[in-house]
Amino acid sequence: MRPKRAIIPVFVPHLGCPNMCVFCNQRRISGAQIPADGDTVRREVTEGLARLGGDERTSIAFYGGSFTAIPAAQQEELLGAAQPFLASGAIESIRLSTRPDAIDGDVIERLRRYGVRTVELGVQSMCEDVLAASKRGHTPDDARQAAKLLREAGFELILQMMTGLPCDTPAKSIYTAREFIAMGPAGVRIYPTVIIKDTELFDMWIAGSYKEHTVEEAVGICADLMELFDAAHIPVIRLGLNPTDELSSGSAVAGAYHPALGELVLNRRYFVRESSLIGESDRGKAVTFCVAPGRTSAAIGQRRRNVTELCGLFGLTNVKILEKSSLSGMDIVRI
Ligand code: SF4
């Protein structure tokens, strides 16, 4: 059996970030207040390795800020502190997240020198107006250029997008996903917009100039995005902000924050498939679907929502779900 993969995160909140995107309060999201330095890296990694026990293929991940926008000396301090762990084989790779306009030839050379394998680009949208309204401070072309440089240099590329930003629409999110697919990432993260206290977006929402992206809206659009990425064989490695105590206890004041967002999206994808297999002639009948092993609850939906809605929408008497071992993934058939 192959060893499991594990990630030791080191958060670098706002360190190196040249601007203030309307939705962002990184200190609040990561729960960290003090900028990371070499000692932080050594401490977090030592503690992380002790917790893991040594059976995993482990990476260090610098998340939270815009890593490659930090002054070069600080980047080298953080990356340098990770080197002994890399050299001893205690960790097998380094990954980090950054902004599209903070990638150039010098940066690429530095990341290579320090053994970085994976770079995550916070692109958020490929639409000019959405980026401007969110005060991202970079353009879609910056993202295309950064993705090209990183891929040509052999880095594993992960792209991050958001839904429900100011000026965004479902059609623009779909456009962003199609542009991502064209950039050939190894994986994607999707973050529906959450309104966090002490951000400009919070002020905009209070003033009425921004309408919140509801969980319901996010579930609908994310289900469509998942279909696109699945069809392109690009894994979605994260859907929605990681629930934290701080977010759950009040920092996330509105928007698409739900601890089980991924599950709701999966339920929705089954609902769409189920709906497409039911017709007018089924009115007054019970229908039965077969899904892959382990997928019954996803096909039924949380609190049997899919069953209830299908019965209401199509006038069915019941919906039954069975599992069939010959099916896999999102397969579904009607019997
Ligand atoms: S670039 Fe990243 S860290 Fe900086 S304000 Fe925007 S989201 Fe936050």
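Predicted model: local features only at pLDDT ≥ 70, side-chain atom pairs only at ≥ 80, totals over all residues.
Guide: Residues are numbered from 1 along each chain as its sequence is written.

Visitor: How do you know how many helices and strands the chain has?

Guide: Helices (H or I, at least four residues) and strands (E, at least two) are DSSP runs, numbered from the N terminus, and by that count the chain comes to 13 helices and twelve strands.

Visitor: What makes the chain as compact as a globular protein of that length?

Guide: The radius of gyration is taken over C-alpha atoms, and the globule rule is 2.2 Å times the number of residues to the power 0.38. For 335 residues the rule gives 20 Å, and the radius of gyration of the chain is 22 Å, which is close to it, so the chain is as compact as a globular protein of that length.

Visitor: Why are β1 and β8 said to stand at the edges?

Guide: The open sheet of seven strands has the order β1-β2-β3-β4-β5-β6-β8, with parallel pairing. Two strands pair if DSSP finds at least two bridges between them; β1 (5-11) and β8 (236-239) each have a single partner strand, so one side of each is left without a neighbour in the sheet.

Visitor: How do you know in which sense strand β2 and strand β3 pair?

Guide: Strand β2 (residues 57-63) and strand β3 (residues 93-98) are joined by four bridges in the parallel sense, and the bridge partner of Ile60 is Ile94 in β3.

Visitor: What makes up the contact of α2 with α3, by class?

Guide: The axes of helix α2 (residues 38-52) and helix α3 (residues 72-88) come within 8 Å and cross at roughly 35 degrees, where axes are lines fitted to C-alpha atoms, for helices over the stretch in contact, and angles run from 0 to 180 degrees between N-to-C directions. Residues are in contact if their C-beta atoms, placed from the backbone, lie within 7 Å, and the contact is made by Gly38, Val41, Arg42 and Val45 of α2 and by Glu77, Leu78, Gly80, Ala81, Ala82 and Phe85 of α3. Ala, Val, Leu, Ile, Met, Phe, Trp, Tyr, Cys and Pro count as nonpolar, Asp, Glu, Lys and Arg as charged, and the others, Gly among them, as polar; the contact therefore has six nonpolar, two polar and two charged residues.

Terms used:
Contact = placed C-beta atoms within 7 Å.
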